[in-house]
2 protein chains.
Amino acid sequence: MEIIRPTLVLNKTICQQNIELMAEKARRHNLTFRPHFKTHQSAEIGTWFQKVGVEKITVSSVSMAKYFAEAGWKDITIAIPFNILECSEINRFSEDCALNLVVDNTLTINTIGTKIKRNTGIYIKISTGYERTGIEYAAVHKIDELLIALSQYRHLTFKGFLTHSGHTYRAASKYEVQNIHYDSLKKMFYLKEYYASQFPKLEISVGDTPSCSISENFMGATEIRPGNFVFYDLMQQNIGACSIDDIALRVLCPVISKQSLRNEIVIYGGAIHFSKEFIRNSDGKNLYGRVVLQNGHEKKLLDSTNYLCRLTQEHGVIRMNPSVFRKIEIGNIVEIIPVHACLTAHSMGHYMTNKGEIIEMMPR
Amino acid sequence: MEIIRPTLVLNKTICQQNIELMAEKARRHNLTFRPHFKTHQSAEIGTWFQKVGVEKITVSSVSMAKYFAEAGWKDITIAIPFNILECSEINRFSEDCALNLVVDNTLTINTIGTKIKRNTGIYIKISTGYERTGIEYAAVHKIDELLIALSQYRHLTFKGFLTHSGHTYRAASKYEVQNIHYDSLKKMFYLKEYYASQFPKLEISVGDTPSCSISENFMGATEIRPGNFVFYDLMQQNIGACSIDDIALRVLCPVISKQSLRNEIVIYGGAIHFSKEFIRNSDGKNLYGRVVLQNGHEKKLLDSTNYLCRLTQEHGVIRMNPSVFRKIEIGNIVEIIPVHACLTAHSMGHYMTNKGEIIEMMPR
């Protein structure tokens with residue numbers, strides 16, 4: 001496989017191992033495993049999940065639900081507060097596929113109750129501290145309002161409560177992730193108990209990648225929906241959710257310029273390949289990626305004093321130690337471990353496996 | 001035109017006006033106008049430039065050069081240090097199209113001298129302070145080395161020096177942009193004088209959008225290559241390169257959730273639509289976009305205390321004043337002015353004009 005421009009390379013072995021480990025963890029804890037497919041957005045990678053028994057999935061848009069329904073999936077949750085302007089898209093959706101929508105307000109319930117004609121599962125989105133969407137867990141009077149609204153529509157079936165503890169992404173340690181996760185579980189458990197007599201089969205759906213990777217406690221939860229774990233990335237490694245060896249993606253980039261005054265190498269590979277997501281490096285500066293070099297027959301991860309430090313549209317700048325800088329030549333390929341796998345994969349649009357096969361993603 | 005999901009809307013009138021103004025400025029200063037097409041990446045928008053007499057263009061990749069050559073362009077500069085792994089791509093390039101490459105090292109010159117078979121124009125990339133790529137302007141001994149290397153290859157024609165003062169993007173005022181621009185021109189002028197007897201027809205190619213928009217001094221330059229001005233954006237407005245009314249792009253996004261505890265509205269529209277580029281708002285926080293609302297028959301730009309303050313993959317959060325917050329309903333469409341037009345356009349993949357026509361971009 002000849003690499004001549006920025007290329008997203010997927011290590012299939014690591015990726016399938018990540019999938020197996022998470023599936024095994026879900027089984028061990030008796031949880032439904034409904035992985036989020038927004039990270040990989042690929043029908044082919046989807047089949048790797050089928051091999052470990054996954055039958056239900058999560059997506060982040062109606063378009064993505066359509067793509068995976070056409071790929072044969074029969075049970076899909078669109079885990080973003082439903083956009084009521086897309087009701088007619090839902091009516092055109094395959095009846096063969098069970099569909100769940102997420103709501104956090106009565107206006108949305110009444111709109112879909114009236115405009116959507118098909119049987120649809122409904123999860124109420126709960127906020128347990130991330131502060132993006134959802135109803136504050138303690139606001140049961142508001143939840144009651146939604147449940148009353150829902151009860152008017154026979155074709156809408158209330159399934160349970162769903163939360164996303166996205167604030168684990170801001171955690172600085174495993175310990176902090178666990179604290180957030182326990183806090184979130186506790187709040188969801190409170191709701192489960194509160195509504196137990198009214199809805200004995202109530203589902204509790206949780207599951208960001210940091211919590212699902214780190215924790216062995218899923219008290220009260222019935223379902224997990226992690227997505228990023230399929231590839232992992234530097235952000236997850238930084239949080240403590242994975243090790244560097246668990247990261248399945250690399251962006252291979254040609255070296256196009258060397259700046260000896262600054263010990264910087266410039267690569268063909270920029271914001272349109274990596275996204276502009278960064279983490280804070282130990283020197284306090286923005287880090288957009290870490291560097292792996294071929295060293296004889298081995299690959300060597302450079303320490304984080306050598307890192308992707310600036311990105312423009314198509315260029316990236318790697319700051320290097322002089323001793324490493326001297327070894328790099330123009331025309332070499334460097335491997336970059338991305339900061340945020342979801343955005344990098346979305347930006348790149350397709351994968352090449354480490355065996356040279358091309359894996360397509362959902363077209364845009 | 002029914003908008004039901006994030007949609008990039010282009011105001012054709014403003015865009016064409018931006019093109020005319022820059023073309024007129026180039027004429028006034030007797031400069032070749034070689035606009036950078038990486039911002040819009042659209043063959044159709046390219047034709048709007050032809051209408052004002054543009055015949056030469058700049059692009060940022062070999063793939064983009066190919067796309068525009070197929071659209072009929074006959075003179076293209078690829079303004080990124082040439083990636084020597086793409087030599088055979090250049091040999092497959094249409095002979096009808098004049099092609100210029102940019103180099104900043106002898107290894108690249110010797111590689112393309114040997115491997116590229118066609119007549120090719122060569123610009124030497126000069127660094128005047130941006131510190132990304134290029135040879136330090138004062139390092140004439142190094143420039144001489146490149147010129148000697150170039151002189152060995154008959155099919156490579158040295159055209160002149162090219163710089164990009166990208167550090168104007170970090171400027172806090174028009175005054176600072178002008179200082180950077182003058183400093184850059186002065187350095188390029190020094191080179192022009194130094195090499196005048198050897199290369200009497202030497203070209204000096206400059207041209208970032210802030211400098212080209214703000215300055216009326218182009219002393220010594222023979223060509224400008226701005227790109228972003230075709231749309232402008234909040235970053236340019238923040239620098240002083242344009243007014244809000246000159247910005248030709250909006251991302252229209254459905255409102256999917258209201259968070260009354262925090263006066264935040266949540267839109268369907270996130271990092272995959274806007275990119276994660278931000279500027280600093282007056283409150284010290286990251287600003288990812290500003291908000292325009294329909295107000296009766298008029299459109300109203302909200303002040304910057306109402307702004308897009310957080311982005312995740314598909315969601316955006318807008319912080320609002322309570323009085324504005326109360327007027328927004330779920331299912332409304334809000335218009336967002338993007339921070340960085342180039343990355344937003346690239347992320348969205350096509351445009352809808354304000355008259356509802358779809359304008360395609362280069363496929364990825």
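The contact between the two chains takes 46 residues from chain A and 46 residues from chain B, two residues being in contact if their C-beta atoms, placed from the backbone, lie within 7 Å. This is a predicted model, in which local features need pLDDT of at least 70, side-chain atom pairs count only at pLDDT 80 or more, and totals for chains, interfaces and linings use all residues. Residues are numbered from 1 along each chain as its sequence is written, while chains are lettered from A and ligands numbered from 1 in the order in which they are written.

Elements giving two or more residues to the side of chain A that touches chain B include β4 (75-81), α5 (106-115), β11 (249-259) and α12 (341-348) of chain A. Helices (H or I, at least four residues) and strands (E, at least two) are DSSP runs, numbered from the N terminus. The largest share of this side, four residues, comes from β11(A).

The table gives residue classes, with Ala, Val, Leu, Ile, Met, Phe, Trp, Tyr, Cys and Pro counted as nonpolar, Asp, Glu, Lys and Arg as charged, and the others, Gly among them, as polar.

| Class | Side of chain A that touches chain B |
|---|---|
| Nonpolar | 17 residues |
| Polar | 16 residues |

Chain A can be laid on chain B with an RMSD of 0.0 Å by a turn of 180 degrees and a shift of 0.0 Å along the axis, superposed by least squares on the C-alpha atoms of residues with pLDDT of at least 70 in both. The two copies are therefore related as by a two-fold rotation axis. In chain A, the C-alpha of Lys276(A) is nearest the axis, 2.8 Å from it.
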